[in-house]
Amino acid sequence: MMVWAQIVEVPEDINHLFDWPAVLPWGINRVVLLTFLATILTFLFLYIPFRKPRIVPTKFQAMVESLVEMVRNTIGKEVIGSESAKYEWLLIPMFFWLFFLNIFEITPFINFPVTSRMAIPAFLAMFVWVVFIFVGIKKQGLKYFINTLVPPGVPAPLLILIIPIEFISVFLIRPISLAVRLFANMIAGHMMLTVFFLTTSAYFVLGPKLIAFPVPFAFAVVITAFEVFVSVLQAFIFTLLTAVYIESSLHAEH
Amino acid sequence: MDPQAAALLGAGLSYGLAAIGPGIGIGIVVGNAVQAMVRQPEMAGQVRTTMFLGIAFTEALALFGLLLFFILFGQAG
Amino acid sequence: MTLAPLLVFAATEERSSLFLILPDIHELIWGIVSFVVLVFLIWKFAGPALAATLEARQQAVVQDLREAETAKEQAESLLEDYRKQLADAKDEANRIIEAARETAESLKAELVSKAEAEADQIVSKARSEVAAERERALAEVRQEVADLSIELAERVVQESIDRDAQRQLIERYLNDLERMS
């Protein structure tokens, strides 16, 4: 460690990887700037191809269209059903925004997933929590809580056990796991990339071990490819679970 | 035992132990999903979506372990 | 609001022990602002165009499908027609072949019977000719035998008798012979 630190710039601890000082007033640091960038990219991504839409689409338009259709069909219609159109306003921006926030992890010269900071996953998870409770109350009235907490066909004595379990799993674990899944996946990916690229660079600089540097480098390349997949998958899963939670609020039965 | 050492030991153990169950679980989920896809290839799309859901739910447990690692690691530092 | 707990927990001091897993207050606020602005902008500007395009695409696809359906139906009815025509033609051919076979059959029967009749006729004609020939031959032979007998008898008895009376005598004798045989 001591030898490396003199030659390669090595972070003091894990926290150092994720700690960005504010560079502008109002606490705007690198993470916030990247959030803005992702927001702008998402908007342009969804806006430019459809500004002058064509029936025979350009390649870019066709790609965006197929992605939007994927969100609408695979996530919306297949999970929520006939009422999916009402929730597209949430699902479509959420998917693309999360995708851009995630893909920054392996974007050259950025190399930092915004979602590896807890702020945005936590906010989105809380937002989804509010949305699915709101939808439940709107659809089923206050009976929503009874329908959710008391599964049909359970004998009365068991309810003492079931109700707390259901309460914890629906109203506490759901948002927490939603946020943690995204956040932990991205932080783990970022740390893995850091470890392997630091090892590569350290071996490269340290002459005697030069022969070993392709090994961590190969790992780093493989993990980079894997993180592309993870970025898409986590955005997809987050949106899919949002749809699943909304669907579970629409109907009384489980 | 030195509390810092205990925290570091716990940090390592917590993630290691938390990864066992979900590892097996994800294996089962994916294995059965593959079987289902082979048996009914026309349902493959739906099975895949459900498989990812199952993976997500199972994986969350391992990720809670990772979270615990960060908490304990913070205690140690 | 519901986000209040997050704000309370948000780490504000430098590098708390939970620094990694607690949301940073500034990032949280800017994240919320970004998301709200994003949703607003997308459904204000991109949304209608997007929905219209997808709708148009869907319409086009539906149209294409419908056209394909119509074309398929037409092709199927055409095929049905052809199939029917083919079946008709086959029936016609079968009928013609059957008729031809019947004609040939009757022709054959007629020919055979005609040939048989002719053959019978020839045979019977031949037979009657043969019989007549035999009759004539027998008569000739009888004449010859009678003459020879007379000559022989004349020479033997050297006595001339009336030729006609002799003939009658021999005739009678021959008839007797014939009757006896």
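The following legends describe close-up views of a predicted model.

Residues are numbered from 1 along each chain as written, chains are lettered from A in the order in which they are written, and side-chain values use heavy atoms, without hydrogens or water. In this predicted model, local features need pLDDT of at least 70 and side-chain atom pairs count only at pLDDT 80 or more, whereas totals for chains, interfaces and linings use all residues.

**View 1. Negative surface patch on chain C.** Glu69(C), Glu73(C), Glu76(C), Glu80(C) and Asp81(C) form a surface patch of negative charge (residues with over 30% relative accessible area and no salt bridge, like charges being joined within 9 Å; a salt bridge is a Lys or Arg side-chain nitrogen within 4 Å of an Asp or Glu carboxyl oxygen). Asp81(C) belongs to helix α2 (residues 25-157) of chain C (helices are DSSP runs of H or I, at least four residues). Asp81(C) is partly exposed because its relative accessibility is 44% (buried means under 20%, exposed over 50%, partly exposed in between, with a 1.4 Å probe and protein chains only).

**View 2. Positive phi angles in a loop of chain A.** The loop between α5 (88-103) and α6 (119-140) of chain A contains Phe109(A), and Asn111(A) also lies between α5 and α6. Neither is a glycine, yet phi is about 70° for Phe109(A) and about 55° for Asn111(A). Most residues other than glycine have a negative phi. Phe109(A) is exposed, at 81% relative accessibility, while Asn111(A) is partly exposed, at 40%.

**View 3. Surroundings of Phe196(A).** Phe196(A) is part of helix α8 (residues 159-205) of chain A and, at 22% relative accessible area, is partly exposed. Beyond its neighbours within four places in sequence, Phe196(A) contacts Pro216(A), Phe219(A), Ala220(A) and Ile223(A) (heavy atoms within 4.5 Å).

Definitions and conventions: Patch = residues over 30% accessible without salt bridge, like charges linked within 9 Å, V, L, I, M, F, W, Y side chains within 5 Å. Areas by Shrake-Rupley, 256 points an atom, 1.4 Å probe, with all protein chains shown as cover. Lys, Arg positive; Asp, Glu negative; His and termini not counted. Charge placed at Lys NZ, Arg CZ, Asp CG, Glu CD. Helix = DSSP H or I, 4+ residues; strand = E, 2+ residues; numbered from the N terminus.
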